[in-house]
2 protein chains.
Amino acid sequence: MSERLVVVGGDATGMSAASQARRRRDADDLEIVAFERGRHVSYSACGIPYWIGGATDGPDALIARTAKEHRARGIDVRLGSEVTTVDADAGRVLVRGPEGREEWTGYDHLVLATGAVPIRPPIPGIDARGVHGVQTLDDGEAVLRGLDGEGIRRAVVVGGGYIGVEMAEAMLRHGLDVTLVDRNPQPMNTLDPDMGRLVRTALEGLGVSVVSGAAVREVLTDREGRARAVATDGGEYPADIVVLGLGVRPATALARAAGLPLGEHGGLLTDRAMRVRGTERIWAGGDCVEVLNLVSGTFKHVPLGTHANKHGRIIGTNIGGGYATFPGVVGTAVSKVCEVEIARTGLKESQACAAGLDFVTAVIESTGRAGYYPDADPMTVKMLAERGTGRLLGVQIVGGQGAAKRVDVGAVALTAGLTVAAMVDLDLGYAPPFSPVWDPVLVAARKAADAVAADVRGR
Amino acid sequence: MSERLVVVGGDATGMSAASQARRRRDADDLEIVAFERGRHVSYSACGIPYWIGGATDGPDALIARTAKEHRARGIDVRLGSEVTTVDADAGRVLVRGPEGREEWTGYDHLVLATGAVPIRPPIPGIDARGVHGVQTLDDGEAVLRGLDGEGIRRAVVVGGGYIGVEMAEAMLRHGLDVTLVDRNPQPMNTLDPDMGRLVRTALEGLGVSVVSGAAVREVLTDREGRARAVATDGGEYPADIVVLGLGVRPATALARAAGLPLGEHGGLLTDRAMRVRGTERIWAGGDCVEVLNLVSGTFKHVPLGTHANKHGRIIGTNIGGGYATFPGVVGTAVSKVCEVEIARTGLKESQACAAGLDFVTAVIESTGRAGYYPDADPMTVKMLAERGTGRLLGVQIVGGQGAAKRVDVGAVALTAGLTVAAMVDLDLGYAPPFSPVWDPVLVAARKAADAVAADVRGR
């Protein structure tokens, strides 16, 4: 007898799960229905800042596969269809369709891929015209329409994380005066403050005015209700356009109402097979779940497209009769502001402390290529190693071309539990156009290993 | 009582060893004498093709530290001084100085860092004018002088390995018609032929005429004894300049005469501390030793600056009273021809066979960035995984920007003994300017893991 898979949310996790299940099971064995409340499926939210900045085309280019293409592959995609209730006991969902009519649909397998919602602080003026999030393709179009208006000269970007710095770059590319307002001591709070300071310097070098340690209190509006300035504890910053890059939180209202288990960050909790804990046929992945950080041993909300895609594939494999699991993450993230590349993996100092880990640190400066080779841009690498054991705990990199993806060496080393001393011996690729003869990661590992040894001797 | 360290060969290993020993032991505790038969110490031979091609300055820019700078740091560098005999029993070396006078110098520690000699097949004309190696700074100057002559239009590069393809690029940059003559089926014989074919296509796309499967028989000369063509079994290739890039072999005549142990590739054999096997106070490293390949479990000659520097540091640490060892290599190498990046680590198919390993392979095509991001250059990744266990055995990559250093993920995975299935879960950095949402390495790992599983099922 045929089963039915219902997918809630038609982006990376949902459609990857659907596609993978479809590859493994025929349409007469598994019916697949995907409900998406928006107008698009399978799009790259990560690409929106680059589309807005004009580096890439959009919005069509950001759509990996249209609803029509999914349908041609035997996935019944329903756009404009919002799942409003999950009745886990009965195995059915209530769906409000494009015309507002509500209808129950039964499922044998349910995938919750509801993603995340942008954080919008409940402050006066936050919903004013001229205040934009950057999560959906519609958001992207709204920002671009906003930039098209007359007299748009000054942008205030609220939030100094990945989206914030990427949007600062995008606003610069439109020739705007850009102010980045962030409540943390330094931008890129996923880095330690000493490394965040390098990002600050880079932003300022590009002409961005960086206001740190400033919580946003209000978006001030003009008589027509348009945003005209952002007010913080420390001052007011005039704005013709305001972009919110305050991060996201798991979109789990539906799951919460259904009584499904949520973690301390509000994300769904799953087992390793990405099945929602305590359920038999409900799966979840992507931005609406919490994932295990293998370095800290704690569950975190890590909304990244790369995890969402993996989760979808794992879920689809399992529903499809295969076997796949997700071991967790090590906390890798890369970004850039114009030519400055930013990367991190593992734990930063405060995260290591919170995990009960004690550590030594090493910071080194090197270049991405042999010093004599053209465009050998500077690069700063910071490494955290556990006291005593010398186990790698984290890597942070800020630098020019070739800086960011070097963090992958740290990601694999963390996964394998390597010590920084063992990392000194790593056989990394060397040729003048790609690295100094001692790769910056090796130099950092060497200094970190020395710090571990000095700490042991000094006890 | 003060000891004396004698270093034979003043390049990466020798001077790194000397510098590291000097940092750890004062001049009144350890006298350090370094004999270099050439005119320079501590230079980057790897940079010579880029200097010749005009990408970098030279020769001074390629010298990391001059003899004078080393002397200022308490290392007695003697240029133009060749060690002609090692008397291991008596603990002394015979040195022929710049004026030709020979003198014995005693040592407490001896570092053999004699490097490698370029392979020059004993064929007619090989020593003709206009035939150049590219190992020393003097070689570089000779090539540049040769290119300065009148009517230099056609270059034949003999050898399709790293030096060969880098020199092909350099000759192109001088506007020459370039023919690459190689005896192997495809250029870049450190890759499998299917990946080497991509390098061939890239070279041909740049205008290089690639002649494969052609052993060089003779360098034909004109009446004045100048090279005028390279003759192979298959044909003659006119040349106004001939560049030899046939690789190198360990320079171990001195060591052999001293009765020191050599391996099957002619390199010195050391223990893990880089002490020559069977000796107490003779150390060796860099291009004159053989190193353990951790994947094949065999000793190989791997002449790369990155290993040479590590060896020097390890030797200097040990002589300096510290403790350091070299675990071996995994066979990583990166290079490029103009915009095409080339990388490998681990074993290629024939090497895996020779090591008694059976394997499955996967080849995938992807891009270095998100497909919608500008300059998302194509990239081909090949992966070898052991049958049954799925353990990663090797990675080969040919592609555009960002291709080469991705091989470092493979290098760390090989070091850690990861399976390709475990690699699918790696938390590699993702953002549109740096990677598709599935990094090409992950896609290759996924396909390799599928191949491992299919092979297990099919048995």
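Guide: Welcome! A salt bridge here is a side-chain nitrogen of Lys or Arg within 4 Å of a carboxyl oxygen of Asp or Glu. The model is predicted, with local features needing pLDDT of at least 70 and side-chain atom pairs pLDDT 80 or more, while totals for chains, interfaces and linings use all residues. Residues are numbered from 1 along each chain as its sequence is written, chains are lettered from A and ligands numbered from 1 in the order written, and side-chain values use heavy atoms, leaving out hydrogens and water.

Visitor: How many salt bridges are counted between chain B and chain A?

Guide: Lys405(A) and Asp439(B) meet through their side chains in a salt bridge, at 2.6 Å from N to O. The count between chain B and chain A is two.

Visitor: How much area do chain B and chain A bury between them?

Guide: Contact (heavy atoms within 4.5 Å) links 57 residues of chain B with 57 residues of chain A. Tyr372(B), Asp427(B) and Phe434(B) give 16% of what chain B buries against chain A, more than any other three residues. Buried area is the accessible area (1.4 Å probe) lost when two parts are put together, summed over both. Carbon and sulfur atoms make up 66% of the total, which is about 4,900 Å².

Visitor: Which residue partners Asp138(A) in a salt bridge?

Guide: The interface of domain 1 and domain 2 of chain A holds two salt bridges by the rule. With 2.5 Å from N to O, the side chain of Asp138(A) meets that of Arg39(A).

Visitor: How far apart are the end C-alpha atoms of residues 335–437 of chain A?

Guide: An unreviewed UniProt entry lists this span as "domain: Pyridine nucleotide-disulphide oxidoreductase dimerisation". Residues 335–437 of chain A are 20% helix and 35% strand. Their end C-alpha atoms are separated by 26 Å.

Terms used. UniProt positions are given in the numbering used here, feature names are shortened, and annotations may be inferred rather than shown by experiment. Helices (H or I, at least four residues) and strands (E, at least two) are DSSP runs, numbered from the N terminus.
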